[in-house]
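Please take a moment to look at the sequence and the model side by side before reading on. The paragraphs below are meant to be read slowly, with the structure in view.

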Amino acid sequence: MLGGIVMADAKVSSKPVHDLVLNSRERLSINGIKEIISFDESNVNIKTLLGELSIEGSNIHINILNIDKGELELQGKITGLNYNDRYDSDRSSLLSKIFK
């Protein structure tokens with residue numbers, strides 16, 4: 001194209017961003033969180049963009065919590081991570097809405 005700008009088609013991912021980083025089973029950084037459902041020193045239940053997550057351990061403390069940015073950092077002895085397979089109702093597929 002003469003005198004113009006040609007832009008490549010950018011692929012935009014519609015998948016929500018949710019990542020976990022566990023360092024030495026002592027520090028867990030999570031993004032893509034929506035809310036904390038419950039919390040104590042041995043169990044943390046959170047709602048993420050991709051479903052509910054249960055974190056088990058001991059002496060768990062919250063270092064960073066920013067719900068607006070969807071960030072959470074926990075410290076303590078992490079012994080288990082478990083996702084509940086239920087996803088958010090607003091993330092359900094078009095077909096599931098049609099055949100309800």
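What follows is a walk through the strands, the core and a few single residues.

This is a predicted model, in which local features need pLDDT of at least 70 and side-chain atom pairs count only at pLDDT 80 or more, while totals for chains, interfaces and linings use all residues. Residues are numbered from 1 along each chain as its sequence is written, and side-chain values use heavy atoms, with hydrogens and water left out.

We begin with the sheet. Strands are DSSP runs marked E of at least two residues, numbered from the N terminus, and two of them count as paired if DSSP finds at least two bridges between them. Strands of a sheet pair through backbone hydrogen bonds, either parallel or antiparallel. Here 6 strands form an open sheet in the order β1-β2-β6-β5-β4-β3, and their pairing is antiparallel. At the edges stand β1 (19–23) and β3 (33–39), each of which has a single partner strand, so one side of each is left without a neighbour in the sheet. On average, and with direction ignored, neighbouring strands of this sheet are turned by 45° against each other, where the axes are lines fitted to C-alpha atoms and angles between N-to-C directions run from 0 to 180 degrees.

Two of the pairings can be followed in detail. Strands β2 and β6 pair in the antiparallel sense over 5 bridges, and within the sheet Ile30 stands opposite Leu72 in β6. Strands β3 and β4 also pair in the antiparallel sense over 5 bridges; a hairpin joins β3 to β4 through 3 residues, and Glu35 stands opposite Lys47 in β4.

Which residues make up the largest nonpolar core? A nonpolar core is a set of buried Ala, Val, Leu, Ile, Met, Phe, Trp, Tyr and Cys residues joined through side-chain atoms within 4.5 Å, and buried means under 20% relative accessible area, with exposed over 50% and partly exposed in between (1.4 Å probe, protein chains only). The largest such core has 11 residues in all, namely Leu28, Ile30, Ile33, Val44, Ile46, Leu53, Ile55, Ile60, Leu72, Leu74 and Ile78. The elements that give two or more residues to this core are β2 (27–31), β4 (43–48), β5 (51–66) and β6 (71–83). In soluble globular proteins, nonpolar side chains tend to be buried together.

Polar side chains come next. Ser54 lies in strand β5 and counts as buried because its relative accessibility is 15%. A polar contact of 3.3 Å joins the side chains of Ser54 and Asn43; the term stands for a pair of N or O atoms within 3.5 Å, of which, within protein, one must be able to donate a hydrogen and the other to accept it, and residues adjacent in sequence count only if both atoms are side-chain atoms.

A search of the whole structure finds 1 salt bridge, which is defined as a side-chain nitrogen of Lys or Arg within 4 Å of a carboxyl oxygen of Asp or Glu. Glu73 forms this salt bridge with Arg27, and the closest N and O atoms are 3.8 Å apart. The pair links distant parts of the chain, since Glu73 is in strand β6 and Arg27 in strand β2, 46 residues apart. Glu73 is buried, with a relative accessible area of 15%, whereas Arg27 counts as partly exposed at 34% relative accessibility.

Ile67 is placed in the loop between β5 and β6 and counts as partly exposed, at 38% relative accessibility. Although Ile67 and Glu35 are 32 residues apart in sequence, they are 6.7 Å apart in space, C-alpha to C-alpha. In strand β3 we find Ile37, which counts as partly exposed at 44% relative accessibility.

Finally, consider the backbone. Most residues other than glycine have a negative phi, and most peptide bonds are trans. Ser24, in the loop between β1 and β2, has a phi near 50°, a positive value in a residue other than glycine, and Ser24 counts as exposed at 65% relative accessibility. Asn59, found in strand β5, likewise has a positive phi near 50°.

How values were computed
Helices (H or I, at least four residues) and strands (E, at least two) are DSSP runs, numbered from the N terminus.
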